[in-house]
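Notebook open, viewer open. I'm jotting down what I looked up, chain by chain.

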Amino acid sequence: MIMNLFVRQIVQILLVIAMAPLLMGWIRQCRAWLANRAGAGLLQPYRELSKLLRKQPIVAHEASPLFVATPYILFTTMVVAGAMVPMTTTRLPLAGVSDAVALAGVFALARIFAALAAMDLGTAFGSMGARRAMLVGFLAEPALLMVLFTPAMISGSTSLVVIVRQLARHGIILYPSMAFAAAAYVMVTLAENARLPVDNPDTHLELTMIHEALNLEYSGRHLALIEWSVAIKLFVYIGIGAALFFPWGITQGHDLAALPIAYALLLAKLAAAGAGLAVIETVFAKLRLFRVPEFLGTAFLLAVLGLLVRYLFGH
Amino acid sequence: MTSLAAPINLLAALFLLVAFAMLSQRRLANLISLYAWQGTILTFSIAMAAYADHSAHLYASALLTGVLKIVLVPILLRRLARRLDLQWDRESLVQIPTVMLIGLGLVIFAFNAALPIAGVGHIINHAIVGIALASILLSLLMMILRATALSQVIGFLALENSLIFVATSVTYGMPMVIEFGIALDVIVGVFILGVFFFHIREQFDSLDIARIERREE
């Protein structure tokens with residue numbers, strides 16, 4: 001039985017690491033189709049990663065060990081976060097020991113290291129990017145926590161496993177509070193993953209970039225690890241969203257027979273979310289940086305309204 | 001009747017959401033569209049109450065609300081905005097996050113005020129009362145914070161929507177005569193205010209309330 005649990009956990013970790021670039025490729029492909037371009041294909045992120053991994057990383061003379069360590073820390077924290085989310089089964093050792101608040105903490109840890117490493121060399125773009133990333137982060141984090149509290153209130157626990165079990169048991173009921181929370185979660189996901197209304201993921205346009213400014217000084221396998229961790233982060237965010245708002249198909253029992261169906265459903269959810277993300281990114285223009293607090297303020301408001309509505313309706 | 005509780009609650013939540021969106025909307029044209037959306041939600045909720053109550057006069061009321069608040073009043077307001085050349089005007093609001101936080105405070109106040117109702121009666125849905133009360137307060141806040149006269153009028157119309165919403169969802173409607181009276185009042189009000197705006201602008205060269213007040217001193 002214990003072997004079984006570990007196998008599930010390891011399979012999920014490997015899946016998250018291996019599939020994350022594919023998700024990125026799918027999103028880029030959808031965006032290309034929406035923009036009437038042919039696109040580079042689903043496997044392009046893998047090609048980019050393998051090329052970067054083969055290249056020699058260049059590190060500045062003034063760089064501290066923190067600068068070199070950060071790509072590995074980012075990659076590890078994101079993999080840990082991926083291991084903690086019940087994406088296909090609730091019977092995961094790591095999902096059981098941690099809850100939604102711990103997950104938010106893991107993301108915060110990664111953000112702090114990314115910002116510190118960007119400021120490490122003292123370049124102008126690095127510090128600017130770090131400041132902007134922290135601005136977005138400190139506005140997005142309370143909104144994320146408020147979003148997580150709504151399903152936590154419904155199911156009576158902050159543990160993602162319990163939330164998934166409770167919500168999946170209730171079946172398809174449209175809670176008004178969950179609709180609010182879902183809308184807020186989409187907004188937080190866009191901001192936290194540096195997607196379009198908040199940050200443009202494709203460009204190195206100096207004056208508007210947030211995320212790209214953080215890893216401007218990285219190259220070679222360091223850059224590959226950062227890009228990979230970005231892909232895993234998006235994968236994990238979509239996984240959390242699927243677990244909270246569409247928990248159907250996540251297996252509860254011990255039998256392995258239901259797992260392939262669960263994985264197929266997860267793939268379908270990821271594909272749908274990726275296509276939706278591409279549509280959002282095509283439809284909306286990038287916000288000015290000083291509009292971002294309004295955007296995330298709205299997300300926070302929606303999440304709090306969800307909590308309040310839940311409190312008022314009592315269900 | 002209980003089977004309709006979930007959709008009515010969902011509509012109530014959407015109603016509150018639209019009230020917040022109106023509060024934070026800068027552009028007048030979008031504000032008018034949001035008003036039309038609010039009318040749509042209101043129409044649906046009245047139709048649902050009619051279905052639950054099997055009453056013909058609520059169906060008539062839903063029809064009346066639909067024609068008036070989804071079609072007629074938004075068209076009038078749009079025409080007014082176009083003729084006053086205000087359509088794409090951006091209003092200088094107080095900081096939007098601040099407005100939202102004040103709005104949240106009002107919502108918490110309204111919800112708390114509505115909670116004791118749950119203890120008194122079983123028939124009245126206290127959640128609907130709370131949400132309608134919150135929407136009324138948000139509309140009032142919008143009338144206070146807006147700078148131009150036209151958006152203040154929209155705030156007033158939103159206030160009227162909230163009142164109708166609570167009336168139909170909680171008591172299943174008022175007598176037909178009163179509903180017709182209110183509908184007539186709204187349409188006459190919009191017409192009169194439209195004429196008024198032209199006079200105000202001729203007199204003061206602006207619809208900005210703050211500027212009009214300064215002139216008078």
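I began with burial in chain B: 37% of its 217 residues count as buried, which takes 20 or more other C-beta atoms within 10 Å of the residue's own, against 12 or fewer for exposed and anything in between for partly exposed, with C-beta atoms placed from the backbone.

Housekeeping: this is a predicted model, where local features need pLDDT of at least 70, side-chain atom pairs count only at pLDDT 80 or more, and totals for chains, interfaces and linings use all residues. Residues are numbered from 1 along each chain as its sequence is written, and chains are lettered from A and ligands numbered from 1 in the order in which they are written.

Next, the secondary structure of chain B. I find eight helices and zero strands (DSSP runs numbered from the N terminus: H or I of at least four residues for helices, E of at least two for strands). I also checked contacts (C-beta atoms, placed from the backbone, within 7 Å): in chain B, among those between residues at least 6 apart in sequence, 73% join residues at least 24 apart.

Then a helix pair. α5 (residues 126-145) and α6 (residues 149-171) of chain B pack at about 170 degrees, with axes 8 Å apart. Axes are lines fitted to C-alpha atoms, for helices over the stretch in contact, and angles run from 0 to 180 degrees between N-to-C directions. α5(B) and α6(B) are therefore roughly antiparallel (over 145 degrees). Their contact includes A132(B) and I136(B) from α5(B), and F156(B) and L159(B) from α6(B). By type, I get 14 nonpolar, six polar and no charged residues there (nonpolar: Ala, Val, Leu, Ile, Met, Phe, Trp, Tyr, Cys and Pro; charged: Asp, Glu, Lys and Arg; polar: the others, Gly among them).

I looked at L63(B) too, in helix α3 (residues 56-83) of chain B. L63(B) is partly exposed, because 14 other C-beta atoms lie within 10 Å. Its C-alpha is 21 Å from that of A132(B), 69 residues away along the chain.

Over to chain A. Helix α5 (residues 100-120) has 21 residues and reaches 31 Å from first C-alpha to last, close to the 30 Å expected (1.5 Å times one less than the number of residues). Its buried residues include L103(A), F107(A) and R111(A), and the buried set packs against α3, α6, α7 and α9 of chain A. After α5(A) comes G122(A), with a positive phi near 75 degrees.

Last, the chain contact: 14 residues from chain A and 15 from chain B. On the chain A side, α12(A) gives the largest share, eleven residues. That side divides into twelve nonpolar, one polar and one charged.

Notes
Two residues are in contact if their C-beta atoms, placed from the backbone, lie within 7 Å. Angles under 35 degrees count as roughly parallel, over 145 as roughly antiparallel, 65 to 115 as roughly perpendicular and the rest as oblique.
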